[in-house]
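Dear colleague,

Here is the structure for your files. My notes follow below it.

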Amino acid sequence: RLTLTNFGGNANISELRIGVWDEWFEHASEPVVNGCTKILHKLQKRGAKVYKISIEDLHLSFIAHLASMGSDFVKYVETHSSALLSCNEGLKLHFIAAGNISEEDIQNIHKIRAKTIKTLRGIFKHCDCIMTPTLPFLASEMPNSKSNDCMEHQLALSRFTFLSNFTGFPAVSTCCGYDSNTNLPISCMIMSRPWHEGTALRVARVVESFVDYKSPLISFRQLQ
């Protein structure tokens with residue numbers, strides 16, 4: 001049952017336990033790490049407790065997630081082979097490799113997913129949520145689609161968000177501040193255990209209450 005009792009910027013979070021894996025949390029650019037760290041300290045001042053965690057075989061889970069997505073795209077590429085012409089060499093190799101995934105590989109992906117879910121369930125016995133940056137860097141211009149830098153950029157984009165996609169655990173992303181040099185927004189992600197989406201939403205609402213939102217240079221208001 002989803003309940004949003006005690007939902008708001010002034011919500012009581014004195015009992016909240018936030019899991020943070022420093023090595024993963026800090027695998028981002030300096031402005032992003034600084035912005036997310038500041039918001040984490042503000043949550044602590046409101047009474048939240050931070051617990052140090054680690055996620056076993058996280059990189060293996062990331063590779064399994066990529067393989068899983070690649071196998072889903074294979075059928076599309078097979079029927080739209082011209083789409084490969086616009087891809088860089090890295091993406092072409094990704095699709096070629098995905099096309100050679102065997103039934104045994106698929107079974108191994110499911111085993112890795114099951115193990116990752118078990119690991120997260122163990123972490124959530126001691127924490128109410130896990131906090132990370134959403135993106136590892138500030139918003140930037142996308143590299144040329146035919147450049148190998150594009151592949152690296154796309155992989156980096158899912159450095160933190162992939163875990164929720166791979167396991168199905170609920171997560172929410174929200175703005176947690178702005179870079180002092182570029183004025184670009186920084187966002188953090190809060191993940192909770194299944195059927196506890198309310199926890200992630202409450203924490204996100206408290207984070208929002210810390211932020212003085214700024215309108216972008218170009219914006220379109222839906223309601224006026």
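Does T116 count as buried or exposed? T116 counts as buried because its relative accessibility is 3%; buried means under 20% relative accessible area, exposed over 50% and partly exposed in between, with a 1.4 Å probe and protein chains only.

Before the rest, the ground rules. This is a predicted model, in which local features need pLDDT of at least 70 and side-chain atom pairs count only at pLDDT 80 or more, while totals for chains, interfaces and linings use all residues. Residues are numbered from 1 along each chain as its sequence is written, and side-chain values use heavy atoms, with hydrogens and water left out.

T116 sits in helix α5, residues 103-123. Helices (H or I, at least four residues) and strands (E, at least two) are DSSP runs, numbered from the N terminus. Leaving aside residues up to four places away in sequence, T116 touches S61, L163, F166 and T167; contact means heavy atoms within 4.5 Å.

The volume of the largest cavity is about 60 Å³, and a search of the whole structure finds one cavity of 30 Å³ or more. On a 1 Å grid over the protein atoms alone, a cavity is a set of points where a 1.4 Å probe fits but cannot get out, and a pocket is an open set with protein on both sides within 12 Å along at least five of seven lines; lining residues have an atom within 4 Å of a point. Grid points are joined across faces, edges and corners, and a volume is the space filled by probe spheres set on the points.

By class, the lining of the largest cavity has two nonpolar, three polar and three charged residues. Here Ala, Val, Leu, Ile, Met, Phe, Trp, Tyr, Cys and Pro count as nonpolar, Asp, Glu, Lys and Arg as charged, and the others, Gly among them, as polar.

The largest pocket has a volume of about 400 Å³. Its lining is made of 17 residues, and G35, K38, G177, Y178 and D179 lie nearest the centre. Helix α2 (30-45) and strand β4 (171-178) each supply at least two lining residues, with α2 giving the most, seven. Seven of the lining residues are nonpolar, four polar and six charged.

The second largest pocket holds about 300 Å³ of space. Among its lining residues are W21, W24, H59, F62 and R159. α1 (22-25), α3 (58-79) and α6 (148-157) each supply at least two residues, and α3 gives the most, with three. This lining divides into seven nonpolar, two polar and two charged residues.

**Cysteines**

How many disulfides are there? The count is zero, where a disulfide is a pair of cysteine sulfur atoms within 2.5 Å. The closest cysteine sulfur to that of C36 is in C176, at 4.0 Å, which is too far for a bond. C36 is buried, with a relative accessible area of 0%. For C175 the closest cysteine sulfur is again in C176, at 6.3 Å, also too far for a bond. C175 counts as buried because its relative accessibility is 16%.

Regards
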